[in-house]
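Here are a few exercises on helix packing and pockets. Take a look at the model, then try each one before reading its solution.

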Amino acid sequence: MKGLGFVGAGNMGEAMIRGILGARLLPPRGVVVLDVRPERTRELVKRFGVSAARGMKDLFDRCETVVFAVKPQGVGDVLHQVPAGAAKGKLIVSIVAGVPARTFLSALGEGARVVRAMPNTPAQVGMGCTGLFFARGVSRDRKEWARKIFSSFGEVAEFPREDLLDVVTALSGSGPAYAFLFIEALADGAVRAGMGRGEAIRLAAATVEGAARMVRETGKHPAELKDLVTSPGGTTAAGVAALETGAFRGTVLSAVFAAWQRSRELST
């Protein structure tokens with residue numbers, strides 16, 4: 001696959017570059033970066049050995065796949081910089097939150113092959129998860145290439161409808177914030193009981209990470225795994241009862257639903 005270009009190279013772009021190079025999907029010089037901040041481009045060239053584009057035309061000339069990783073409010077200006085016809089036949093990958101595929105198709109022409117992706121911040125440590133939607137016209141081999149890109153730094157789920165990316169945003173996009181709050185609350189409870197904060201945070205984070213791995217690797221329903229920990233009349237049963245009194249599950253459900261509603265508002 002000919003070069004892979006990045007228009008914008010913030011934290012998520014860097015996470016993708018690290019995953020792609022770590023999986024050896026491309027050699028470093030096969031990754032081409034164009035950022036509005038020249039110093040950021042130089043930083044990535046030095047850190048990863050990637051190439052710097054001289055401009056938008058140069059990037060499209062050198063790349064068969066182009067990832068747009070810019071802020072939503074800047075996507076219109078960036079798309080206007082793409083030379084007419086330059087995107088024809090190219091695979092265009094957008095990780096721009098809230099911007100529909102039709103925006104790219106309208107600006108770049110129907111000859112562009114557009115993929116929308118919603119990765120999340122744990123991609124920065126190689127443990128991300130990404131929702132994908134392929135617009136019409138993306139070939140099977142290019143779909144597989146897109147899956148390889150995002151699988152290089154975590155889990156990938158493909159969706160048949162673009163509107164389901166709003167649910168991805170509410171679940172895995174916003175989900176790390178919910179998890180951070182839970183880890184903080186776990187640690188605060190331990191501190192209240194007399195544990196030092198450093199140890200409490202470390203144990204709380206490891207507990208959540210380990211529990212998540214058990215769900216993924218055992219294939220068991222979370223409720224079944226919960227019951228395995230919950231002995232009759234034991235400490236876990238008392239803790240779970242306290243969570244239920246506080247409507248823990250209902251509150252988390254409401255948080256995801258509220259985030260989904262807000263994502264829909266921003267996407268229209």
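**Exercise 1: H7 against H12**

H7 crosses H12 in a right-handed way, in what is a predicted model. Work out how the two helices are oriented, and which residues meet.

*Solution.* Start with the geometry: H7 (residues 164–173) and H12 (residues 248–267) pack at about 135°, and their axes are 8 Å apart. Angles over 145 degrees would count as roughly antiparallel, and 65 to 115 as roughly perpendicular. H7 and H12 are therefore oblique to each other. Next, the contact: H7 brings Asp166, Val167, Thr169, Ala170 and Leu171, while H12 brings Val256, Ala259, Trp260, Ser263, Arg264 and Ser267. Sort these by class and you get 6 nonpolar, 3 polar and 2 charged residues.

**Exercise 2: H7 against H8**

Now find how H7 lies relative to H8, and what makes up their contact.

*Solution.* The axes of H7 and H8 (residues 175–192) come within 5 Å and cross at roughly 20°. Angles under 35 degrees count as roughly parallel, so that is how H7 runs to H8. From H7, the contact takes in Ala170, Leu171, Ser172 and Gly173; from H8, Gly175, Pro176 and Tyr178. The class tally is 4 nonpolar, 3 polar and no charged residues.

**Exercise 3: the second largest pocket**

Describe the second largest pocket by its space and its lining.

*Solution.* First, the second largest pocket holds about 800 Å³ of space. Among its 28 lining residues, Gly10, Ala69, Val70, Lys71 and Pro72 are the closest to its centre. Then check the elements: helix H1 (residues 11–22) gives the largest share of the lining, 3 residues. Finally, by class, the lining has 15 nonpolar, 10 polar and 3 charged residues.

Methods
Residues numbered from 1 in each chain as written. Predicted model: local features only at pLDDT ≥ 70, side-chain atom pairs only at ≥ 80, totals over all residues. Heavy atoms only, no water. Axes fitted to C-alpha atoms, helices over the stretch in contact; angles between N-to-C directions. Helix = DSSP H or I, 4+ residues; strand = E, 2+ residues; numbered from the N terminus. Left-handed = near helix turned anticlockwise from the far one by under 90°. Contact = heavy atoms within 4.5 Å. Nonpolar A, V, L, I, M, F, W, Y, C, P; charged D, E, K, R; others polar. 1 Å grid on protein atoms, 1.4 Å probe; cavity = no way out; pocket = protein on both sides within 12 Å on 5 of 7 lines; lining within 4 Å. Points joined across faces, edges and corners; volume = space filled by probe spheres on them.
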